[in-house]
Amino acid sequence: MTSPHPQSAAPRQDAAWLDAHWMPYTGNREFKANPRLLTGAAGAYYTTADGRRIFDGLSGLWCSGLGHGRRDIVDAVARQAATLDYSPAFQFGHPLSFELANRIVARMPQGLTHVFFTGSGSESADTSLKMARAYWRAKGRASKTRLIGRVKGYHGVNFGGISVGGIAANRKLYGQGVEADHLPHTQPPAGSFCRGMPPADGVPGYAGAALADELLRVIELHDASTIAAVIVEPFSGSAGVVIPPAGYLQRLRRICTEHDILLIFDEVITGFGRCGDWTGAAAFGVTPDLLNFAKQVSNGVQPIGGVVARREIYDTYMAAGGPDYLLEFAHGYTYSAHPVACAAALATLDALEADDAIARVRALAPHFEAAVHGLRGARHVADVRNFGLAAGLTIDALPGEAARRPYDIAMAMYRKGFYVRYGGDTIQLAPPFISTQAEIDSLVSALGDTLQHTA
Ligand SMILES: Cc1ncc(COP(=O)(O)O)c(C=O)c1O
């Protein structure tokens with residue numbers, strides 16, 4: 001297939017030209033020697049600069065579940081850019097942000113009622129952490145400042161997010177962060193091959209309640225009077241799709257409530273469909289106090305994210321706000337609730353509903369689960385984990401080079417016409433919601449073949 005947006009000349013790809021862009025989360029030296037330029041996208045496929053068609057096995061970066069180039073979203077963006085391209089985010093409003101907030105609240109678990117908009121998942125993480133701290137201060141409990149994350153957690157790249165995050169490479173180079181501690185991760189030992197959520201005590205040493213009880217140890221160490229919030233992803237995507245055992249999130253919720261600690265769910269990956277529900281909170285049956293979202297809310301077409309807060313949190317801020325011309329929460333971004341991003345998100349919500357995308361994810365998930373677990377026994381595969389339309393494979397490490405094989409595998413997949421993500425010792429899959437069973441089969445079969453031929 002050729003690009004839907006043909007370019008008159010092939011883009012330059014020589015190293016001298018590529019040099020000026022310092023690329024994010026990319027091996028710049030390797031990329032600029034072997035560029036992978038994408039020039040178009042339609043449906044579940046990218047087109048490369050050399051005219052090849054690549055199946056989008058990660059929905060962009062977990063954000064484009066509805067597929068690319070959707071006319072309804074593209075038109076909404078174009079219309080909004082032509083009507084009101086920007087509106088000051090502070091002290092003024094525009095109608096779309098209020099409509100979007102109402103539409104989002106209607107899809108949240110009961111009790112989550114107020115949306116604070118950001119521009120990304122990282123901004124949502126830091127917003128939620130600040131919101132938690134200042135909430136306790138507003139309640140006269142200013143000593144509650146400590147933030148608790150989890151090993152293997154990913155909450156973006158800003159200082160709050162990396163402090164509570166638990167992926168070592170993302171934080172160890174950056175010095176002193178925000179005061180934080182960490183719960184143990186919930187990844188069962190390699191070789192468990194759990195399908196979906198691990199059973200409550202199905203994997204020895206990985207019982208859900210006992211893992212959550214580690215929070216009691218953290219409370220004993222620091223005292224609840226110093227702890228503002230616990231932040232976790234309902235399931236961790238970036239660490240390689242790590243699913244909590246049954247009962248874990250419920251128990252975490254109970255401990256947080258009993259000790260006056262806010263529970264934050266980072267749903268930047270799990271929100272808006274990937275779990276086969278509107279939120280991971282709904283999929284796992286646990287409601288947090290604050291819920292972060294981004295990515296799929298706009299199908300990746302425009303950058304937008306946010307934090308949804310419980311009514312009592314919003315009300316606390318309003319009550320402590322002083323005279324009503326003063327700010328209640330001295331926080332926000334120039335691009336909070338950007339009108340064009342709101343238009344993309346509204347069109348995305350319409351499309352998720354019109355296409356019955358959540359039901360589609362649910363219907364496709366068992367086929368996806370069976371396909372990825374078919375890789376059990378394939379060369380180098382130490383573990384497979386999955387939930388909804390997300391899966392992670394742990395790849396046996398080459399001595400001293402845990403990240404090498406996943407990189408080799410992802411590059412070989414790209415040469416075959418499939419985009420998958422590699423990170424640490426894992427390969428991650430998150431195909432678009434619009435994928436067919438046949439497309440999932442060819443993705444997984446190409447991966448099986450690639451594993452077989454990887455040294
Ligand atoms: C759970 C979670 N939180 C936060 C982020 C960061 O989002 P962004 O890259 O939009 O800042 C991510 C990105 O993958 C994520 O998975």
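Q: How do the residues of the shell around the ligand divide into nonpolar, polar and charged?

A: Ala, Val, Leu, Ile, Met, Phe, Trp, Tyr, Cys and Pro count as nonpolar, Asp, Glu, Lys and Arg as charged, and the others, Gly among them, as polar. In this predicted model, the shell has five nonpolar, seven polar and two charged residues.

Q: Which residues come nearest to the ligand?

A: A residue is near a molecule if its C-beta atom, placed from the backbone, lies within 6 Å of it. Of the 14 residues around the ligand, the nearest are S120, G121, S122, G156 and V268. Residues are numbered from 1 along each chain as its sequence is written. Local features need pLDDT of at least 70 and side-chain atom pairs count only at pLDDT 80 or more, while totals for chains, interfaces and linings use all residues.

Q: Which helix gives the most to this shell?

A: Helices (H or I, at least four residues) and strands (E, at least two) are DSSP runs, numbered from the N terminus. Here helix α6 (residues 121-138) gives the most, with three residues.

Q: How many residues of domain 1 are in contact with domain 2?

A: Two residues are in contact if their C-beta atoms, placed from the backbone, lie within 7 Å. In this model, 32 residues of domain 1 are in contact with 29 residues of domain 2. On the side of domain 1 that touches domain 2, α14 gives the most, with seven residues.
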